[in-house]
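Welcome to my notebook. I opened this structure with a plain plan: look things up one at a time and jot down what turns up.

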Amino acid sequence: MTVRAGEPFDLARTAAEVAALLTAPLPAAGPAVAEGDPDSGEWRATTGEGFRAVPLWESDDDGDDPDEAEEAAEARLDALVAELDTRWGPHHRVAVHVALLLKEEGTPVPALFDALLAEDCYGDLSVWGPLPGPGDRWVGVSVGRSDGDAPLVMAAVVSDRPITAPPPPAWL
């Protein structure tokens, strides 16, 4: 599913990769384009107008109890969020499920959310920003999966625009 399959979770490496996104080149315009590994086709990154999303970690598909695997993945995310809170101050939550509901009913969603959903990154984002650096940037991290049989994927996104959830549908 991602180029991170089979890699162990390493908090220091993961936090450094998220921090490095602050200087990643971001396209000023254009459609979202997912990049796959040349050999396996597994997801490596998605870039779009003003953003870049990358996988940070993927759970093993070793038949673990799905609830236990999810708890372990959430603990890894909590450790990463705590580390990034010490660097950048408190985060805020941005719901991704609203974009999923909108997309399911055929309503267009912002390209950043569409890109995350295309890679089964359904977990709510912990977001920091604007962060100092070359231009204001916002960074978000999440962990989630599309269903109980899919691996859990921890992902990060950087944007040169505020990361905010789209307005919920009227029926919600």
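Before the first entry I need one cut-off: a residue is buried when its relative accessible area is under 20%, exposed when over 50%, and partly exposed in between. I also keep in mind that this is a predicted model.

**Entry: Met154**

I started with Met154, which lies in strand S7. Is Met154 buried or exposed? Its relative accessibility is 0%, and the cut-off for buried is under 20%, so Met154 counts as buried. I then listed what Met154 touches, leaving out residues up to four places away in sequence. Among them are Phe9, Thr14, Val54, Trp57, Ala73, Leu77, Leu80 and Val143. I also checked the spacing to Ala75: Met154 and Ala75 are 79 residues apart in sequence, and their C-alpha atoms are 11 Å apart in space.

**Entry: aromatic pairs**

A pair of aromatic rings is described by the distance of the centres and the angle of the planes. How many aromatic pairs are there? I noted two aromatic pairs. In one, the ring centres of Phe9 and Trp57 are 6.3 Å apart and the planes stand at 85°, so I wrote the pair down as edge-to-face. Phe9 sits in the segment before helix H1 and Trp57 in strand S3, so to speak distant parts of the chain, 48 residues apart, linked by the pair. Trp57 is buried, at a relative accessible area of 6%.

The other pair is Trp88 with Trp128: centres 5.8 Å apart, planes at 70°, and so edge-to-face again. Trp88 belongs to helix H2 (residues 66-88) and Trp128 to strand S5 (residues 125-131), so this pair ties together parts 40 residues apart in sequence. Trp128 is buried, with a relative accessible area of 1%.

The peptide bond joining Gly129 and Pro130 is cis, with omega about 0°.

**Entry: helix H4**

Which residues of H4 are buried? I found Leu112, Phe113, Ala115, Leu116 and Leu117 to be buried. The elements covering them include S2, S3, strand S4 (92-94), helix H3 (97-104), S5 and strand S7 (153-159). Asp120 follows H4 and lies in the loop between H4 and S5. Its phi is positive, about 60°, although Asp120 is not a glycine.

**Entry: the second largest pocket**

I put its volume down as about 150 Å³. Which element gives the largest share of the lining? That is helix H4 (residues 111-118), with three residues. The lining residues include Glu49, Phe51, Pro110, Leu112, Phe113, Arg161 and Ile163. By class, I have seven nonpolar, three polar and two charged residues.

One joins Arg13 and Glu17 at 3.0 Å, N to O. Both lie in helix H1, four residues apart, about one turn of the helix. Arg13 is partly exposed at 22%, and Glu17 is partly exposed at 24%. These two also belong to a network of salt bridges that links Arg4, Glu7, Arg13 and Glu17.

Another salt bridge joins Arg87 and Glu83, at 3.1 Å from N to O. Arg87 and Glu83 are four residues apart in helix H2, so about one helical turn separates them. Arg87 is partly exposed at 39%, as is Glu83 at 28%.

**Last entry: Thr47**

Thr47 is buried, with a relative accessible area of 15%. Leaving aside neighbours within four places in sequence, Thr47 is in contact with Pro27, Pro31, Ala32, Val33, Glu35 and Arg52.

Notes
Residues are numbered from 1 along each chain as its sequence is written. This is a predicted model: local features need pLDDT of at least 70, side-chain atom pairs count only at pLDDT 80 or more; totals for chains, interfaces and linings use all residues. Side-chain values use heavy atoms; hydrogens and water are left out. On a 1 Å grid over the protein atoms alone, a cavity is a set of points where a 1.4 Å probe fits but cannot get out, and a pocket is an open set with protein on both sides within 12 Å along at least five of seven lines; lining residues have an atom within 4 Å of a point. Grid points are joined across faces, edges and corners, and a volume is the space filled by probe spheres set on the points. Helices (H or I, at least four residues) and strands (E, at least two) are DSSP runs, numbered from the N terminus. Ala, Val, Leu, Ile, Met, Phe, Trp, Tyr, Cys and Pro count as nonpolar, Asp, Glu, Lys and Arg as charged, and the others, Gly among them, as polar. Rings of Phe, Tyr and Trp (its six-membered ring) pair if their centres lie within 6.5 Å; planes under 30 degrees apart count as stacked, over 60 as edge-to-face and the rest as tilted. Buried means under 20% relative accessible area, exposed over 50%, partly exposed in between (1.4 Å probe, protein chains only). Contact means heavy atoms within 4.5 Å. A salt bridge is a side-chain nitrogen of Lys or Arg within 4 Å of a carboxyl oxygen of Asp or Glu.
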